Amino acid sequence: MLYLAEVQKQKGGLLGGSSKTELKLLAGQRTDQNWTTVSEEVIAADEASKLNDGALVLVELTPNRQVQRLQEAGRPLVNILQNFSRQLEKYKLKEDEIDQWKESLTFQAQELNRREMDMEARLEQLHEMEGEFQRLEAQQQEVEASREQIEKLQAEVERNRQELEGAWEHLRGEQRRFEERLQEGNVLDVAQSQAMSELLDRLSSRIAPTETVREHLHQAFELVERQQTTLNPHWQNLEEQKTLVNQKQEEVNQLEQTYSDRQNSLKQAQDSLHQQTAQLKVNTTSLASKQEHLRILKEQLQSQDALSQQINSLAITSGNVSPSQKVDVQALEKMSLDELQKIIQDLNDKLQIDSSFVHDQEQELTYKQQTIEELEQKISQASDQDLINLQMELSDEQDLYQMLNETLVGQRRNLVARQKLIQQHQNVLLRRQGQPVDSKEEDNSVDFSPLLLQIETQRQKQAQELQQLERDIEQMRSAIELDQSMIDNQAHDLEEKQQELQKIESDFISLKTATAECWGRINLYQEALQPIQDSVDELRKKLQGIGESLAQVQEAGDHQLQTITELRQVINSLISQPELVAS
């Protein structure tokens, strides 16, 4: 398991004891992205003796709590913090999306509540209209009843008129007979005058009583006016509703024009976004091509580094390495054997320390190579979203590998030079001790320096090309990130415009539906009022006609009464002349 630990060094006591190096465990890795604190456990680790006190390291422990792998924690901690920062950015984006969803859901809930209130208001209006229709139906029934009553009254007036015309016809016949008798010289006797008086009385009693008819006609007129008074507020309300619905219709037209303009603007924004997205894909493809070229160059540089290492190793193996410092053989010949042996022992101790350090560095180089292979494996299976981050991490690891590898080349040469230096000291010691010295001729060694120089020249040229390509890639990556940011902003604006357009569309549909419903109610209202108004107008015309007929009947009745009075006077005057009766 991998732990984050702190190096703790305890110095020896007063008697000069050796120092002790320990690791204080601070945190343990559970998963790739999950670290948890652990109990402050201390583990002895001589491997960390070369590190400074307080340094942070990553240590991998076996199940027996033995150190299996140790490395400085600087670069891995930076990677962990970078990953943590990326995770925080992702979580922030997720939180922003959740907030947007919450706002959208809140807006939808408010819209649903508003529509529910509109539906309740419309239901209440429908209930009110149903009550008004019921009242109108009752008024229509009253009008129908008044119409039946007026028709009965009109029939009665017509019947009285016909009876009156019959009586008048009978009276005219009697009058003609009376005139004929007068012309013949006959006069009325008492029985005839009495019969004539009875006939005149009967005729007077048959005159239609217009007062009752006028009273009924006046009541019918009042009923019609009451019906008209009841209808007038409905007509006024209908006109007000028409005015309001005309205003709503104007709002619908304006909102429709706004919706059309916003739709065109949204279409232009979508086209622009599609063009920029297509250009971004082209730039991304070009970036991928340059990155592939960069990868090939890095592989070539790695191959050249490997070749250079092999040649250096071959040069080291063949002994074609000069000592790091020139040996003063005369001085070695003059010093004592104990002092010479101590110098050789010190050189061997330093060689052992340097060899251990080089060995650790070579292990670190092996771990770096394993890390690079793991990253390459992840890149081959990564999605587009994580590809750029993994490629950047791979580039950093490859740079670290290259730096460490170049350092190791010089360190290996130094080790070989130290070995040759120790060998020269040992040869002097053996010669002074009288022991045989194995001397080898070095003139036959191969000089690899021209080949190494040529490889280094080619490597520098490719390194310059690599640096230029990396700068180009970095510029393209920055440009792509800028374009991606602009596209994201435009996509966000486009989403806001779409939401705004959806709201306008929803408002437009709601307002258009409400306007259509208002027109439907107005048409229904007018269809219900118009027949009643037509019936009232028709009743008014009939009542006016009946009034005119009643006036004619009244005039004819007055004329009849006057005629009857004159006839009665004539008969009475005839009856009052006895000489006419005697003769």
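Visitor: Why is lysine 342 called exposed?
Guide: Its relative accessible area is 53%. Exposed means over 50%, buried means under 20%, and partly exposed lies in between, with a 1.4 Å probe and protein chains only. So lysine 342 counts as exposed. This is a predicted model, where local features need pLDDT of at least 70 and side-chain atom pairs need 80 or more, while totals for chains, interfaces and linings use all residues. Residues are numbered from 1 along each chain as its sequence is written, and side-chain values use heavy atoms, without hydrogens and water.

Visitor: What makes lysine 342 and aspartate 346 a salt bridge?
Guide: Their closest N and O atoms are 3.3 Å apart. A salt bridge needs a side-chain nitrogen of Lys or Arg within 4 Å of a carboxyl oxygen of Asp or Glu. The pair therefore qualifies. Both residues lie in helix α5 (residues 337-381), four residues apart, about one turn of the helix. Helices here are DSSP runs of H or I, at least four residues; strands are runs of E, at least two; both are numbered from the N terminus.

Visitor: Which class does aspartate 346 fall into, and why?
Guide: Aspartate 346 has a relative accessible area of 32%, so it is partly exposed.

Visitor: How do you know that arginine 114 pairs with aspartate 118?
Guide: The closest N and O atoms are 3.2 Å apart, and the two form a salt bridge. They are four residues apart in helix α1, so about one helical turn separates them. Arginine 114 is partly exposed at 32%. Aspartate 118 is partly exposed at 30%.

Visitor: What other partner does arginine 114 have?
Guide: Aspartate 507, with closest N and O atoms 3.8 Å apart. Aspartate 507 has 23% relative accessibility, so it is partly exposed.

Visitor: What makes this a network?
Guide: Salt bridges link Glu111, Arg114, Asp118, Lys503 and Asp507. The structure holds 14 salt bridges. Side chains of opposite charge can pair when their charged atoms come close.

Visitor: Why is histidine 425 called buried?
Guide: Its relative accessible area is 7%, so it counts as buried. Histidine 425 lies in helix α6 (residues 384-432). Not counting residues up to four places away in sequence, it touches Val327, Leu332, Leu340, Ile343, Ile344 and Leu347. Contact means heavy atoms within 4.5 Å.

Visitor: Which backbone atom does the side chain of histidine 425 reach?
Guide: The backbone oxygen of leucine 421, at 2.9 Å.

Visitor: What makes a nonpolar surface patch here?
Guide: Phe84, Leu88 and Tyr91 make one of about 330 Å². Patch residues have over 30% relative accessible area and no salt bridge; nonpolar side chains (Val, Leu, Ile, Met, Phe, Trp, Tyr) are joined within 5 Å, like charges within 9 Å. Phenylalanine 84 is at 48%, so it counts as partly exposed. Helix α1 (residues 74-184) holds phenylalanine 84.

Visitor: Where does leucine 223 lie, and why is it called buried or exposed?
Guide: Leucine 223 lies in helix α3 (residues 210-317). Its relative accessible area is 17%, so leucine 223 is buried. From C-alpha to C-alpha, leucine 223 and arginine 540 are 10.0 Å apart in space, and 317 residues apart in sequence.

Visitor: How many helices and strands does the chain have?
Guide: Eight helices and six strands. Along the sequence the pattern reads β-β-β-β-β-β-α-α-α-α-α-α-α-α. Of the 583 residues, 29% count as buried. The accessible surface comes to about 38300 Å², and 50% of that belongs to carbon and sulfur atoms. Areas come from the Shrake-Rupley method with a 1.4 Å probe; for residues, only the protein chains shown count as cover.

Visitor: What is the average pLDDT of the protein chain?
Guide: The average is 77, and 82% of the residues score at least 70. pLDDT is the predictor's confidence in each residue, from 0 to 100. It stays under 50 over residues 441-445, where the model has two contacts beyond four places in sequence. Residues 579-583 are also below 50, with five contacts beyond near neighbours in sequence.

How values were computed: Polar contact = N/O pair within 3.5 Å; in protein donor to acceptor, adjacent residues only side chain to side chain.
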